[in-house]
Each structure stands twice: as structure tokens, then as C-alpha cells.
Amino acid sequence: MRRTAVAACVSLGVLLMAPAAALAADGPTLEDTVSAVNTTWVIVAGVLVMFMQAGFLFLEVGFSRAKNAGLGVVKILTNFSIAAIAYWATGFALAFGGAGTIAGTNGWFLDVGHTASEAASDIPLLGVVGISPAALLFFQFVFCAVSLAIVWGTTIERIKFSAYVIYAVIFSALIYPVLSHWIFGGGWLQVNVGMQDFAGSTVVHLIGATGGLAALLLLGPRRGKYGPDGKPRAIPGHSMPLVGLGVLILWLGWFGFNPGSTLSAIGGRFAEVVLVTNLAAAAGVIAALSVMYRRTKTYDVGMAGNGAIAALVAITAPSGYVEFWAAPIIGAVAGVIVVYGVILIEKVLDDPVGALSAHGLAGVWGTLSCGIFTSPRLAELNAVGDPGLWYSGSFHQLGAQALGVATVFAIVLVVSYAVFFAIKQTIGLRVTAEEEDAGLDIAETGMYGYPEQFIPPSELIGPGLPATGGAPSRAPAGVTATAMTGEATA
Amino acid sequence: MKMVIAYIRHEAFEPIRADLLEAGFPSLSITEVKGSGRQKAITEHYRGSELAVHLRPKLKIECVVESKDVGMVKEVILRHARTGSVGDGKLFVLPVEEAVRIRTGEDGEAVLQAHEGEEVSVNGDLG
């Protein structure tokens, strides 16, 4: 009996100790664990940012007329897919593949090592943040895809589908990667100028909006947007509930966008960025709604949404650089800017979703706001630039921010204008007037997004079943039988 | 009294409405209709299958005027609705036996068009 007990104790001890011994010998080190935690956070954040595509989809579709609702779906899917492959092929290498002043040169098709330490010689950022190279590429790609999605907001309801395809390749393989290298990837604006842009008010949002401006200048307004007297007329979108869904999905996605840009979960810094982001967005909604109420005495659905987006865009650059108290101020100013921006821009340019204001003007404001509100603690933590005017009394950082904004705006505008000009001269940028009146769904996708709304029931039902001997069945017999058989065997 | 009925393209309506209003004919009704004529069917595509849609969306205008005004109303509609392509639509003129303004009970030609005074708003813009 005793012998058995001893033997049992010994064998239990061996069983318990064996894994511990293995762990000490070749199991994950603390460094591995930190890398795994951070990689997990970056992938979770990247997945949230990917979901912002659904936000853009619903926002644009809701702001479109029903006859153009289906095209938005295929547009988002196509653009996201083109960007996915182009960014993997060349985009990531240009943006992060080395510390060159203008662009990176290593890591085409992510041909680097599988761990951060193996890949750090090609991708210097991985030497600082020890996450999986694939996680870094995925996270940066979804940013590129957001920027590309922003471009098209100004162009909906009249641009040719083929224009999307051509510009999407050039944008995600070349334009976005090179400019993001300057500010995110160790290029000259980040290193030499000390420009602060935590998650991309300029990199993602201003680049996208500027591309949209270039397209819009060559595209012109939708038919019927301006009356014979030249005054803008409202062309109401077909679904405010879809707009609301889009705004809330984008808001949710922003909790990956800004906090994920910490590229790290250790220390919990990302949680503070979540709160900063949320405070700004809330202030943006309240500010935009209040300004509109003063003007029209109505609670404007579209402007409340634009206020949220503008504030989220604005807080994107400073989200990692400012303390909590500054966030509602930055968001509220963005909410005011977007209302007046939409109203003023609409007098001359037809921007159906307000992208030029919500992403462009708010992106400029957000980037500049770093130069005012960046705190000494966070400038030091991020090791980019100096504290803002509020703390330092110096205009130095504000000047660095302004230089970055002006450079990015000018270059993206010129390059994008050239690309869209070439498209316009060759295959054409705009559908015909007849196609625009009929709607892009029927002209470009071949079918309405809401068929029952446009096709009479008589045409949808068709000629019915061939006549048989007995009384006509109420249900299409063949279909039902197949469905039931399928269910039984499944 | 005559009723003018016209089946037109949607985009022709706004200029017609504006010109008729200017000429003192503010009263008309429109209906969204679908119809077939000499315009070809549109072939629509859905996940690889086809659907031929023979009916096209048009706008139907109805407008009752004094017999002497028919020529003028016809002229305005034809001027704006004619593009010269198949699918411009058709216009019909029908005799009308009676006309009554429901609010006051007045009847006859007096109730047709040419209202006294300016456009009236009831219950603000929501009326």
C-alpha cells in the first residue's frame, strides 16, 4: 500500500515536472510571448480596420440614390481586392522596406524572414516593434485600403467603373506607399522634419480626399446638381438608416485604426488612445448637430454623421500625442469645420458624401492640431517631433505639421490629377448622360440593387410555368422538391 | 374643357412644370408609370442569368384646361419632351364634362387654372 502511494507520488511528480522542464529548454521565451501578444493586438486592430470597408460601403450607398445602390458594393469589393494584391507586391516594400529618404527598397512580395528579428534588416520598423512581419503588412494594407475607399466618395453616381480599377492599382502600388513612407516609414517628413501623424490624418485621410478632389475636378457635378441659376440643389441619398450604419461601423473600426497604431498592447497605452478617439468623435457629433440646428432648426442626420467622421479623422493624427482633455476640443472644432466645409464646397463642387470636408479639411485640422496640443510626455514617448504650442509656446511643431500637410496635398493632387487626366483622355472618366439618368446599377452592373423597386412585378414573375393537365400548383413544384431533398440529405 | 394627358420622359417634367406655371397653369397631376412602346427591351443580368425587361419608366401628366388653352399647353409639353429619339412618349387630348373645386363647391371653367393671388401655403411647408 505504501509502496503504491510512493510510486504514485513519484509518477505524478514526473508528470508535473516534465512540461516545466520542456518549457525551460526550448519553449517560448518572455520575448516570444510579448511578440505574440502584440501581434495578436495588431491583427485584431487590423481586422477592425478592414471592417471599415463595410462602413464606407453603407455610408456611400446610403448617400446615393437607389438606382446607384448596387454599384457601391462591387466597387468596394474590387478596390479592396486590388489594393490587397498591389500592396503586398510593391506597396509594403516602398513604404516600410528600408530607411530611405524617399522610399523603401526591400521586401517585395514580403520576401523577408518569418520573425521580426529575421526581417528587421529589411523592414527597420520590425526592429522597434517585434511583431510578425505578416501582421505589420496586413495592418498597413488595411490603412491603404481605407485611404483608397475615401477617394471615391466624391465621385459616386457618375464615374465609370473602369476608372476605379486603373487608379486603384496606381494608388495602392505607388502613390499611397511612397507618401506613407515619408510619414510612417522613416522617410524625410518623419525623420528630418519631425512631422507627427500618429495614425494618418494626413497619410490616410488627406491623401484619400486629395485623390478624390483630383478626380472631382475632372469629373464635374452630377446632372441636376446645379440649377439654371447655378445654385446647388439637394440630391437626397436614398437611405439614412444605411448612412447611420456606415457611420457607426466606421466609428467602431476607428478603435482599431488609432489604438492599433501603437503596434503594441504592452503597457496598455492603446486603451488611452481608445478613450481619446471616442471623446473626440462624441464632441464632433454634438458640435455638428448644434451648428446645423442653429442654421436650420432641424436635427440633420447626414451632418451628425459627417460630424462623427470629421472628428474621428481629426483625432487620428493627435490620438497618440495628446492628453484626454484635448480630444473633445479637437473633435468639436472638426464638427464645426465639416458643416461649414460641406456648405461652402457644395457651392462649387459636387461632393455627394462630404468627403472633401470630413476627410480633407478635418484631416488638415487634425494634423495641425498636433502642433498645438501634443504633450511633452507623449512627444517623448513616440520619439517624433516636439510638444505643441500650448505647452511649449513655440510655433516650431505647428510649422512642421503645416509643411507636411502642404507637401502631401500638393504632390497627391498633381500626381492624381495626371492619372485621372490620362484616364479621361483615353477610356473616359464619366458615364454617358443616358447612363447617369438610368443609374449606374443598370448601366454598369446590369441589374438594379433594388430590382423590385424598378422592375414591374409582371416582368419579374414572367410567363410562369408551362401548362400541365392538372390545376396549376401554387408553388413551383420542381424547386420545392429539390429544396426538400437537399435538406434531407444535408 | 379638355384634359391633356402626356406620357413623357422624367427629365422633361421640370421645364414643363416651370413654363406652365409661368403661363398661369399651376394645376396638374403626375403619375409614375411603366409602359411599352417602340423602345427595345432592356436585358438585365443577374449572376450570369438574363432578364428581359420590356416596360420602361415614364411620367404621366394630367392637366385640365379651357378648350382655348389646349394649343398652348400642347406646345409647351411638345417643346420640352421632344428629343427626336424613340421613347419620347405620346400626348392625348380628351373632352371633360364637369369640373368642381372640392373646397368651395364651385364648378365650371372658373375652377380650372389661373388661380387668384399667389401660391398659398397651408400649415407651413408641411401642408
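The model is a predicted one. Chain A contains 22 helices and zero strands, whereas the secondary structure of chain B comes to two helices and six strands. Of the 490 residues in chain A, 51% are buried, while in chain B, which has 127 residues, 16% count as buried.

**The two chains in outline**

- Followed along the sequence, the elements of chain B come in the pattern β-α-β-β-β-β-α-β.
- When contacts in chain A between residues at least 6 apart in sequence are considered, 74% of them join residues that are at least 24 apart.
- For chain B, the corresponding share is 73%, again among contacts between residues at least 6 apart in sequence and again counting those that join residues at least 24 apart.

**The nonpolar cores**

- The largest nonpolar core has 146 residues, and the members that touch the most other members are A:A280, A:L312 and A:A334.
- Helix α6 of chain A, which covers residues 133–151, gives this core its largest share, namely 15 residues.
- There is also a second, separate core of 15 residues, and among its members are B:C63, B:V64, B:V73 and B:I77.
- If neighbours within four places in sequence are left aside, the residues in contact with A:A280 are A:A311, A:L312, A:A314, A:I315, A:A327, A:P328, A:I330 and A:G331.

**Residue A:A163 and its helix**

- A:A163 lies in helix α7 of chain A, which is made of residues 161–183.
- A:A163 counts as buried because it has 23 C-beta neighbours inside 10 Å, and the cut-off for a buried residue is 20 or more.
- Not counting residues up to four places away in sequence, A:A163 touches A:I423 and A:L429.
- A:I102 is 61 residues from A:A163 along the chain, and the C-alpha atoms of these two residues are separated by 27 Å.

**Helices α6 and α7 of chain A**

- The axes of α6(A) and α7(A) come within 10 Å and cross at roughly 130°, and the two helices are therefore oblique to each other.
- The crossing in which α6(A) passes α7(A) is right-handed.
- On the α6(A) side the residues that meet the other helix are A:C144, A:S147, A:L148 and A:V151, and on the α7(A) side they are A:A168, A:F171, A:S172 and A:Y176.

**Helices α10 and α12 of chain A**

- Helix α10 (residues 240–260) and helix α12 (residues 301–316) of chain A pack with their axes 10 Å apart and at an angle of about 15°, so α10(A) is roughly parallel to α12(A).
- The crossing in which α10(A) passes α12(A) is left-handed.
- From α10(A), the residues making the contact include A:V243, A:V247, A:L250, A:W251 and A:W254, and from α12(A) they include A:G305, A:A308, A:I309 and A:L312.
- A:L312 of α12(A) takes part in this helix contact, and A:L312 is also one of the residues that touch the most other members of the largest nonpolar core.

Methods:
Residues are numbered from 1 along each chain as its sequence is written. Chains are lettered from A and ligands numbered from 1 in the order in which they are written. This is a predicted model: local features need pLDDT of at least 70, side-chain atom pairs count only at pLDDT 80 or more; totals for chains, interfaces and linings use all residues. A nonpolar core is a set of buried Ala, Val, Leu, Ile, Met, Phe, Trp, Tyr and Cys residues joined through C-beta atoms within 7 Å. A residue is buried if 20 or more other C-beta atoms lie within 10 Å of its own, exposed if 12 or fewer, and partly exposed in between; C-beta atoms are placed from the backbone. Helices (H or I, at least four residues) and strands (E, at least two) are DSSP runs, numbered from the N terminus. Two residues are in contact if their C-beta atoms, placed from the backbone, lie within 7 Å. Axes are lines fitted to C-alpha atoms, for helices over the stretch in contact, and angles run from 0 to 180 degrees between N-to-C directions. Angles under 35 degrees count as roughly parallel, over 145 as roughly antiparallel, 65 to 115 as roughly perpendicular and the rest as oblique. A crossing is left-handed if the near helix is turned anticlockwise from the far one by less than a right angle, and right-handed if clockwise.
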